[in-house]
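The following paragraphs give a guided reading of a structure, moving from one chain to the other and then to the contact between them. The sequence and the model should be kept in view throughout.

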Amino acid sequence: MTEALPIQTGSPAESSSDYLGLSAGGEEFILPLSAIREIRSFSHATPLPHRPGWVMGVVNLRGTILPVIDLGRRLGLASTDKGAGTLGARPVIVVVESAGRLLGVAVERVRDITRIADRALEPPPACATGPGGSFLRALAVEADTVLRVLDPARLAPGPEGSAA
Amino acid sequence: MAASVDPLAEIRAGFFAECEDLLGRLDDALADPSIALPGSEPIHAAFRAVHTIKGGAASLSYQALAETAHIFESRLDRLRSADHGPDAGVMAAMQALADDLAQAVERARTAGPTGDAAGCEPDPAALGNWRIVFRPAAALYQSGNEALHLINALTDLGEASVSCDAGALPSLDTLDPQQGYLSWTIDLAGSVDERAIRETFEFVEDICDLRIERLTEASPPPTETAANRPDDGKPQNPEFVTRGAAPERPTVRVDLDRFDRLMNLVGELAIAEAILARRLRDAGLDRRSAAAAALKEVQTLGRDLQDSVLALRTQPVKPLFQRMARILREAAARAGKPARLHLVGETTEIDRSIAERLVEPLTHMIRNAVDHGLEDSARRAASGKPAEGQITLSAAHRSGRVIVELADDGGGIDRARVRATALAKGLIAPDAALTEAETDALLFRPGFSTAQTVGALSGRGVGMDAVQTAVAALGGRLSLWSEPGRGTRLSLSLPLTLAVMEAMLVRAGGHVFALPLAATLEATRLGTPDLDQFARGERLVRLRQRQTPLFDAAGLLGLGRARPSAALAVILADEADRRLALIVDELLGQSQIVVKPFGAGLGRVPGAAAATILGDGTVALILDPGELIDLAAATDWSAPPPERLAS
């Protein structure tokens with residue numbers, strides 16, 4: 001394809017998107033910036049009865065009830081929440097929107113925003129192994145790094161969102 | 001072209017909302033016993049409703065609907081002037097016409113004007129000689145319309161004689177050139193279709209006074225009216241095209257979203273008030289000070305405001321029930337099983353959005369009752385029941401919830417057949433020992449249907465599980481009773497409103513929970529014997545002269561446990577008066593709370609129906625007594641009590 005149309009390679013019109021880098025459970029992931037509504041500091045989440053441990057509970061987002069998940073635990077890694085009293089260890093809530101629903105995703109840290117060309121994206125390996133494999137939308141391969149793109153739709157705790 | 005779609009769509013939506021209202025009024029009129037009297041008010045009311053639908057349909061080019069309304073209107077018109085009231089046969093015909101009309105409205109709604117337009121042959125009854133009285137309002141001129149063009153268009157339709165009435169014209173010095181002072185009377189002869197006349201005025205109908213009368217000298221009439229009617233004071237010839245609100249009960253239509261925004265603001269206000277009150281108390285405000293009195297006044301007003309806004313949100317279940325009456329007639333006719341619907345508690349108020357979202361589940365339930373509930377005539381006769389199946393739809397307030405019940409006097413659930421079907425579908429094991437309740441619960445399993453042949457109405461296997469899902473989404477619960485040979489009763493317990501409730505706030509296991517006050521019987525200190533029993537793992541204590549299951553609130557929810565020293569219990573009862581006592585750490589007092597749904601995406605939260613935001617901005621769960629009781633019942637009582645588990 002690129003060989004047949006060499007003029008398109010690296011042209012300014014090449015499509016690309018922005019991604020937010022974040023760390024959860026001690027590992028690095030990126031989320032499509034288009035799905036992110038806001039980033040806010042952590043506030044106490046009210047726990048919900050009989051929910052899996054990765055559902056932290058609900059918080060008040062300007063008058064609406066926002067469910068919050070612990071991204072680290074959701075991905076099968078260490079918990080994002082290091083507990084109260086650990087200075088500087090309070091997580092950050094990234095509010096993502098998927099299919100019209102808002103979900104709070106607690107992460108340890110948000111990093112910078114990266115622009116990635118669409119052609120650098122590869123589908124996740126068929127046997128998505130490793131931490132959080134089934135939550136991956138794609139792999140972004142650039143230079144000598146491989147970034148894991150999370151799929152916001154698969155993080156939600158509802159029946160349709162629980163791909164894990 | 002595309003730009004004109006939107007405003008028109010809005011007008012159409014308004015028209016259909018109005019139709020819903022008018023169909024309800026029509027049903028009311030037909031159900032009024034005084035309709036049997038000649039020239040009674042209900043006949044006129046029915047006529048006005050049908051007439052308004054016809055006018056709207058014609059102006060929006062819903063031809064088929066206008067036809068149907070026209071046929072009905074002619075019937076009613078003859079009835080209006082008849083010297084004897086309608087007998088049972090005529091009433092049945094009227095009812096059938098009303099059902100046709102409701103269906104035509106539905107078809108027009110779904111098919112749109114083009115799909116509806118089939119069969120526009122001129123109806124001979126619509127042809128005739130006409131007198132048109134036309135008085136433009138100022139708005140007609142301001143919107144660039146020209147009376148002359150309209151009159152010219154009319155003269156193209158038939159032989160016209162036009163006269164102008166300038167009687168309203170003021171003297172020149174007081175004349176406002178922006179106003180319309182003139183009116184015209186146009187007599188049209190030569191078998192003109194009324195629709196053609198209305199089409200001429202289609203775009204100006206709401207900015208002029210328009211009266212279209214049949215000229216009776218020329219076509220001696222089945223519709224001879226106006227002359228000798230006894231009652232009066234009201235405009236007897238309702239050929240004035242009225243638009244918008246109906247005369248009896250002026251109403252304003254408000255978009256539900258806008259309304260919810262208002263409701264939300266009122267809720268936020270209540271929260272802000274609570275925060276303010278708390279801050280002032282913390283700052284050491286004297287309770288007897290003038291500032292405290294002023295705050296109290298603000299709180300009272302806030303409460304009144306909330307109640308008033310809430311009252312706007314509710315409406316009687318009547319329109320919903322009337323709609324169900326039509327569904328029943330339709331289902332009964334198609335299934336060939338005569339059935340009568342009894343409506344009880346039609347004035348019960350219910351949240352508008354709940355009423356809207358009940359249409360679908362209730363429709364399913366009614367069709368099910370007819371298709372599966374009622375036996376055929378032969379079997380009914382054999383068991384000594386009246387030929388007509390009796391179905392009762394009722395609504396009532398109980399324990400701060402709305403209970404909607406549908407009962408039939410049919411054959412009841414054939415549990416042997418349910419079992420056989422479940423077995424055939426692999427839902428249960430061949431040797432499964434099921435109680436009656438467990439067997440009945442199979443009906444709510446997705447894909448289950450006992451219909452041996454797929455009926456025209458129900459029995460596609462999307463019945464009861466869809467009902468249950470819809471009811472659960474409203475924060476409601478569904479229960480079913482059935483007795484072989486006697487009938488089946490389905491009961492929906494729904495929240496009174498989706499907006500606010502009175503609640504008792506408690507602390508348990510370090511969390512704050514809200515308990516619906518209507519379901520909270522009392523708070524009590526547990527005696528030492530009760531506590532000893534509890535510690536031994538016994539889960540039944542005697543409270544208020546009843547054996548009551550006793551649970552640790554936080555433990556039941558899987559959220560920690562109560563302080564063992566608390567010894568404080570709150571007794572809850574659900575709408576079926578099932579009881580549960582919950583051990584809590586502390587009572588925080590009574591409060592009006594704003595109900596916030598969890599929103600989609602969380603799935604069902606066991607034990608909690610919704611959440612609320614407290615004065616300090618944190619979220620507290622609103623516990624649902626019925627669900628807690630279910631949770632408690634599902635808990636293994638033989639297991640050691642939670643506080644004995646290693647933490």
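Two strands are said to pair if DSSP finds at least two bridges between them. With that criterion in mind, consider chain A of this predicted model, where five bridges join β3(A) to strand β6 (residues 92-98), the two running antiparallel. Within this pairing, A:I39 stands opposite A:V94 of β6(A).

The pairing of β3(A) with β6(A) belongs to an open sheet of five strands in chain A, ordered β3-β6-β7-β5-β4, in which the pairing is mixed. At the edges of this sheet are β3 (36-41) and β4 (55-61) of chain A, each of which pairs on one side only. From one strand to the next, the twist averages 30°.

Elsewhere in chain A, strand β10 (residues 136-142) and strand β11 (residues 145-150) run antiparallel and are joined by six bridges. A:L139 has A:R148 of β11(A) as its bridge partner. β10(A) and β11(A) form a hairpin with two residues between the strands, and A:A143 takes a positive phi near 50° there.

Chain A as a whole contains one helix and eleven strands. Read from the N terminus, its elements follow the order β-β-β-β-β-α-β-β-β-β-β-β. Of its 164 residues, 31% count as buried. Among contacts in chain A between residues at least 6 apart in sequence, 54% join residues at least 24 apart.

Chain B has 18 helices and 21 strands. Buried residues account for 35% of its 647 residues. Among contacts in chain B between residues at least 6 apart in sequence, 71% join residues at least 24 apart.

Among the helices of chain B, α10 (residues 318-335) and α11 (residues 352-373) have axes that come within 9 Å and cross at roughly 30°. α10(B) therefore counts as roughly parallel to α11(B), since angles under 35 degrees are classed in this way. The crossing of α10(B) past α11(B) is right-handed. On the side of α10(B), the residues making the contact include B:L320, B:M324, B:I327 and B:L328, while those of α11(B) include B:L358, B:V359, B:L362 and B:I366. By class, the contact of α10(B) with α11(B) has 13 nonpolar, one polar and three charged residues.

Chain B also holds an open sheet of five strands, with the order β14-β17-β18-β16-β15 and mixed pairing. Its edge strands are β14 (520-525) and β15 (540-543) of chain B, each pairing on one side only. Neighbouring strands of this sheet are turned by 35° against each other on average, direction ignored. Helix α18 (residues 625-634) of chain B lies across β16, β17 (568-573) and β18 (579-584) of chain B, running at about 90° to β18(B).

Attention now turns to β21(B). Is this strand buried or exposed? Five of the five residues of β21(B) are buried, so the strand is largely enclosed by the rest of the structure. In a regular strand the side chains alternate between the two faces of the sheet. In β21(B), B:V619, B:L621 and B:L623 point one way, B:A620 and B:I622 point the other way, and all are buried.

Which strands pair with β21(B)? Strand β13 (residues 511-516) of chain B runs parallel to β21(B) and is joined to it by two bridges, with B:F513 as the bridge partner of B:L621. β20(B) pairs with β21(B) in the antiparallel sense over five bridges, and here B:A610 is the bridge partner of B:I622. β20(B) and β21(B) form a hairpin with five residues between them, and B:G617 in the turn has a positive phi of about 90°.

How values were computed. Residues are numbered from 1 along each chain as its sequence is written. Chains are lettered from A and ligands numbered from 1 in the order in which they are written. This is a predicted model: local features need pLDDT of at least 70, side-chain atom pairs count only at pLDDT 80 or more; totals for chains, interfaces and linings use all residues. Helices (H or I, at least four residues) and strands (E, at least two) are DSSP runs, numbered from the N terminus. A residue is buried if 20 or more other C-beta atoms lie within 10 Å of its own, exposed if 12 or fewer, and partly exposed in between; C-beta atoms are placed from the backbone. Two residues are in contact if their C-beta atoms, placed from the backbone, lie within 7 Å. Axes are lines fitted to C-alpha atoms, for helices over the stretch in contact, and angles run from 0 to 180 degrees between N-to-C directions. Angles under 35 degrees count as roughly parallel, over 145 as roughly antiparallel, 65 to 115 as roughly perpendicular and the rest as oblique. A crossing is left-handed if the near helix is turned anticlockwise from the far one by less than a right angle, and right-handed if clockwise. Ala, Val, Leu, Ile, Met, Phe, Trp, Tyr, Cys and Pro count as nonpolar, Asp, Glu, Lys and Arg as charged, and the others, Gly among them, as polar.
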